[in-house]
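Me: I would like to go through this structure with you. Could you take my questions one at a time?

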Amino acid sequence: MTIQAGARLLEGAPIADEIRAGVARDVAAFTAENGHAPALAVVVCGRSAPSMVYLERILKACAGVGIDGRLVDVAGDDGAAQAAGLASALRTLSADDTVAGIIVQMPLPKGIGIRTVIDAIDPAKDIDGIHPLNAGLLRLGFEGFVPATAHAALEMLQRSGAPSEGAEAVVVGRSPVVGMPVAFLLAKSGATTTVCHSKTRDLAAHTRRADIVVVAAGQPGLVTGAMLKPGAVVIDVGINVVDGQIVGDVDLASAREVAGAITPVPGGVGPLTNALLLAHLVRAAQRQAAERSASAVLGDA
Ligand code: NAP
């Protein structure tokens, strides 16, 4: 069989545009019905954080679709004061009916553990799926909030048109925010799923037999064309800066020669992550509003 060189590029931007347009319509309907726009609180511990660029992009995207994006900067001179300030801010936002969703700057500053966030955030507002309740719902196959990046990787795969039922899928990376949620979603979709990580003995032996390869390792060029099965669908989640350029975890040039379809970096999974986060926010706002009106009806009865 001759393999056609030049895999199809799976661009995220057109899908993200479509999702954002749907979100804007839902936000307008929500705002008309509730008298206020749904709000997303973006909580940071100091604006110098490296993730600030990403968070500012989210706030800009909120403005673009009519979501009330609020930057909440937690003050504090040392780790303990900042942790206390963060917990207090998250409790206040969790109790605020006008705030539908909360995301927290990651990674957290040194000295603040994830428990500080988990213990204070309302799982119903945890739109990026970091709370154990949402992680547990995903693990058990129920509907909850899935981390937006993992959701984006799966959305990209589904939009590629490649069937996942019965397919061999390999996920490279086992982090709680990307690798494992992707693996659970793939398994749920019917793919026979293998999770590889830094202790995997022969990574290429696994990737070479996979119809679907999702790479989320944070290692530029980790997966090359020689490690792929011809025609495979490759979803590159990695974001790395090499010589001032953003690159993925997959060596795009060699992978394109072998794969059937591949997400470019930048321009693949990244734009979709941002759009799906907004979609999660709207879902949270709609659910909370429905619960409030249901309890108002019960209160009246
Ligand atoms: P992470 O927490 O550092 O996890 C990396 C995972 O990759 C770990 O499970 C690690 O294995 C595994 N790994 C590292 N080196 C490996 C190797 N040589 N061979 C096989 N596995 C290896 O990273 P993350 O937060 O999951 O993020 C992964 C990548 O996605 C990063 O590049 C990040 O920037 C990117 N990202 C992108 C988006 C987006 O919107 N596109 C969002 C979030 C993150 P061990 O568990 O054994 O250490």
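Me: What should I know before reading the values?
Reply: This is a predicted model, in which local features need pLDDT of at least 70, side-chain atom pairs count only at pLDDT 80 or more, and totals for chains, interfaces and linings use all residues. Residues are numbered from 1 along each chain as its sequence is written, and side-chain values use heavy atoms, with hydrogens and water left out.

Me: Into which domains is the protein divided?
Reply: There is a domain 1 (36-122) and a domain 2 (147-270); the bounds come from an automatic or database domain assignment. Taken over C-alpha atoms, the centres of domain 1 and domain 2 are separated by 29 Å.

Me: Why does the largest pocket lie between them?
Reply: The largest pocket lies between domain 1 (36-122) and domain 2 (147-270) because both give residues to its lining.

Me: How is a pocket defined here?
Reply: On a 1 Å grid over the protein atoms alone, a pocket is an open set of points with protein on both sides within 12 Å along at least five of seven lines, whereas a cavity is a set of points where a 1.4 Å probe fits but cannot get out. Lining residues have an atom within 4 Å of a point. Grid points are joined across faces, edges and corners, and a volume is the space filled by probe spheres set on the points.

Me: How much space lies in the largest pocket, and which residues are closest to its centre?
Reply: The largest pocket holds about 1600 Å³ of space. It is lined by 50 residues, of which Tyr54, Thr149, Val178, Ile239 and Thr273 are the closest to its centre. Two or more lining residues come from each of helix H2 (52-65), S4, helix H5 (132-140), helix H6 (148-160), helix H7 (179-188) and H10. Helices (H or I, at least four residues) and strands (E, at least two) are DSSP runs, numbered from the N terminus.

Me: How does that lining divide by residue type?
Reply: The lining of the largest pocket has 32 nonpolar, 12 polar and six charged residues. Here Ala, Val, Leu, Ile, Met, Phe, Trp, Tyr, Cys and Pro count as nonpolar, Asp, Glu, Lys and Arg as charged, and the others, Gly among them, as polar.

Me: And the second largest pocket?
Reply: About 260 Å³ of space lies in the second largest pocket. Leu138, Val146, His151, Leu185 and Lys188 are the closest to its centre among the 15 residues that line it. H6, H7 and H10 each give two or more residues to this lining, and H6 gives the most, with four residues.

Me: Now the ligand. Which residues are the closest to it?
Reply: The ligand is surrounded by 21 residues, the closest being Thr149, Arg174, Ser175, Ser198 and Ile239; a residue counts as near if one of its heavy atoms lies within 4 Å. The shell around the ligand consists of nine nonpolar, 11 polar and one charged residue. Helix H10 (residues 269-300) provides the largest share of this shell, three residues.

Me: Which polar contacts does it make?
Reply: A polar contact is a pair of N or O atoms within 3.5 Å. An oxygen atom of the ligand lies 2.7 Å from an N or O atom in the side chain of arginine 174. For the side chain of threonine 273 the distance from a ligand oxygen to an N or O atom is 3.0 Å, and a polar backbone atom of isoleucine 239 is likewise 3.0 Å from an oxygen atom of the ligand.

Me: What about cavities?
Reply: One cavity of 30 Å³ or more is found in a search of the whole structure. The largest cavity has about 40 Å³ of space, and its lining includes Phe30, His36, Asp97 and Arg292. H10 supplies the largest share of that lining, three residues.

Me: Where are the cis peptide bonds?
Reply: One joins methionine 106 and proline 107, with omega about -5°; proline 107 lies in the loop between S4 and helix H4 (114-118). Another runs from valine 265 to proline 266, with omega near 0°, and proline 266 is in the loop between strand S11 (261-262) and H10.

Terms used: Polar contact = N/O pair within 3.5 Å; in protein donor to acceptor, adjacent residues only side chain to side chain.
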